[in-house]
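Please look over the sequence and the model before reading on.

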Amino acid sequence: MSYVALRMLFGDRAKYLMLLCGLSFAVMLIVQQGSIFWGLMIWSQSSISNLNVPIWVTDPGIAQVDEVKPIADTTVDRVRSIPGVEWAVPLYKGLLRARLANGEYHQITLTGLDSASLIGRPAEVLAGRFEDLRQPDAVALDQWAVERMGGPKVISVGTVFELNDKLARVVAIAKTQKTFTNIPVVYTTYERALRYVPRERRTLSYVLAKAKDGAPADEVIQRIRDQTGLGAFTADAFGWKTIGWVLKNTGIGINFGTTILLGFVVGMAIAGQTFYLFTVENLRQFGALKAMGASTATLARMILLQAFTVGITGYGVGIGLATGFGLLTAREGQLPFLETWPLLLLVFVALLMICTLSALISIIKLARLEPAIVFR
Amino acid sequence: MTTRDGSSQSPAPAVAGQETPPSTAVQVRGLIKSFGSGETTVTVLKGIDLDVYFGELLLLVGESGGGKTTLLSAIAGILDIDAGDLDVRGASLTKMSPGTRTRFRGQTMGFIYQQFNLLPALTAAENVAIPLLIQGTRNKAAIARGRLMLERVGLGDRTEFLPRNLSGGQQQRVAIARALVNEPKLLVCDEPTAALDGPNGQKIMELIRDVGRAPDRCVIVVTHDSRIFQFGDRMAELTDGRIVGIHPIQREVTA
């Protein structure tokens, strides 16, 4: 009877398309909202992922990566002396204003990297050479800085601008992941960064480190915490800490969470109700089948087959639409959009659950259906 | 004629080519069926006794609301009864579990409805194949058999048509083919001509009589259409939930 079930499903194109539209819309709504939300969260910890280092040593009271709490300059040497640490380098991170030749001011995030190793440099360079940061007054920008500061005609490799009345010359443009605040990032060496910023008692923002091969990172991190009294995290842990802070303190979590939850509930309600109505509208047909000798189990299998067929089709179409939206609007990273397999799996499981639930409601109705309905 | 429990029955009909009296296909005794509860209870069938024999076409007639369709539904095993006994081919429907009754129905009965009840998404041949598909016959074999049945009812050139592309009379022919495709022993028809005009109704009844009636099968037709009374062998008249008379039908003999 699978054949009959599928013909019933596909045969009435208007009903089938309505059903498919409902399910696809529900899936698209959830995946699109979820992906934007997750994209935003990923952006919130871009300052960590863009530097691509395994261990971050921070002030013990650090809340998130963009809320810098300077630590003692001697910390780098203290971390280097801890057993299991392969290397440790300083990192400066702070806000500053850049003044372009055209007189415009732009707030930037100044990132000072270890001059010897340039550890923390972006992996991909779009123009120029990152190694040229070692030249006098040299700075590098990320591609978002070029975009925010006026585009390639205004700023490119070789352009000169001022940071706190001091000369800065662009030697490279790097490709990075956009940050949550989208403030342009200017890279330079650690020592030069300290020359650009106003003098403070403490200037070291973070220490970036790596555990020796064979030394468990967790143990090394615990040793750093114990011996320095500072905070130490893997990049992942620091990223999650930052995401947690954003969720808790910005209202994004509640607002987006509510939207996603509503999308989920509305979407699934649409899906469930549409399928239930589909069954109810075919009740007389099912009654005729029952009268002709189809058992409730046979009808239940037909309903489940219909539910899962339309559910899986709707899932595919919904994911396709959401992905299309992502490709169109989030192209080149303009908008946060990140489809992750856990989200897709979650939606898939939820959809199967709602299909099963609506099918079960329909099956209960069919089980109670007296086939005599066909004679009325 | 008096049956074993004293109920009144008309004589068993003579069936062409059959020397011995026909055996009973359906036996109904003391059937009671009510709907609703409490003060709103309506007793639709008030102790029905009825025998239907193999080889005959029995018409159930009577006023609207008299209980014809309810009795047909009960005999077909698609409606639970409150009291009484119901035997079809010697098997007691009332003692069967719902599952067994459903299987029994699929193997033993064919249905023809007033509204045809064809699945709109399926072709004529696929619709006819449904009872076979329910019994587990493979798709290709069932549909091939459906096509053969459609040829028997004169629709050999419409096998791949969807119901919406067929006339009312043609749709009812498809329904008849569907009802007969699994060689049922009991054919139940509820107002099979009600949705059709006069000539088409006559043709459908001719078809039911010619193709549907067989020595090892009985046909029960609920109708209020006096124009088709001539197609029956006997007529049972229901009024207010009781059978008030069962008469053999005299056919006009034409030269």
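The model is predicted. In it, 22 residues of chain A are in contact with 25 residues of chain B. On the side of chain B that touches chain A, the elements that give two or more residues are α1 (68–75), α2 (98–108) and α3 (124–134) of chain B. Of these, α2(B) provides the largest share of that side, six residues. The make-up by class of the side of chain B that touches chain A is set out below.

| Class | Residues on the side of chain B that touches chain A |
|---|---|
| Nonpolar | 13 residues |
| Polar | eight residues |

Chain A is itself divided into two parts: domain 1 covers 2–43 + 251–375, and domain 2 covers 72–229. Between domain 1 of chain A and domain 2 of chain A, the C-alpha centres are 48 Å apart.

Val128(B) is located in helix α3 of chain B. Val128(B) counts as buried because 31 other C-beta atoms lie within 10 Å, where 20 or more are required. Apart from its neighbours within four places in sequence, Val128(B) is in contact with Gly146(B), Met149(B), Leu150(B), Val174(B), Ala177(B), Arg178(B) and Val181(B). As for Val221(B), 93 residues separate it from Val128(B) in sequence, and the C-alpha to C-alpha distance between Val128(B) and Val221(B) is 20 Å.

Note on methods. Residues are numbered from 1 along each chain as its sequence is written. Chains are lettered from A and ligands numbered from 1 in the order in which they are written. This is a predicted model: local features need pLDDT of at least 70, side-chain atom pairs count only at pLDDT 80 or more; totals for chains, interfaces and linings use all residues. Two residues are in contact if their C-beta atoms, placed from the backbone, lie within 7 Å. Helices (H or I, at least four residues) and strands (E, at least two) are DSSP runs, numbered from the N terminus. Ala, Val, Leu, Ile, Met, Phe, Trp, Tyr, Cys and Pro count as nonpolar, Asp, Glu, Lys and Arg as charged, and the others, Gly among them, as polar. Domain bounds come from an automatic or database domain assignment. A residue is buried if 20 or more other C-beta atoms lie within 10 Å of its own, exposed if 12 or fewer, and partly exposed in between; C-beta atoms are placed from the backbone.
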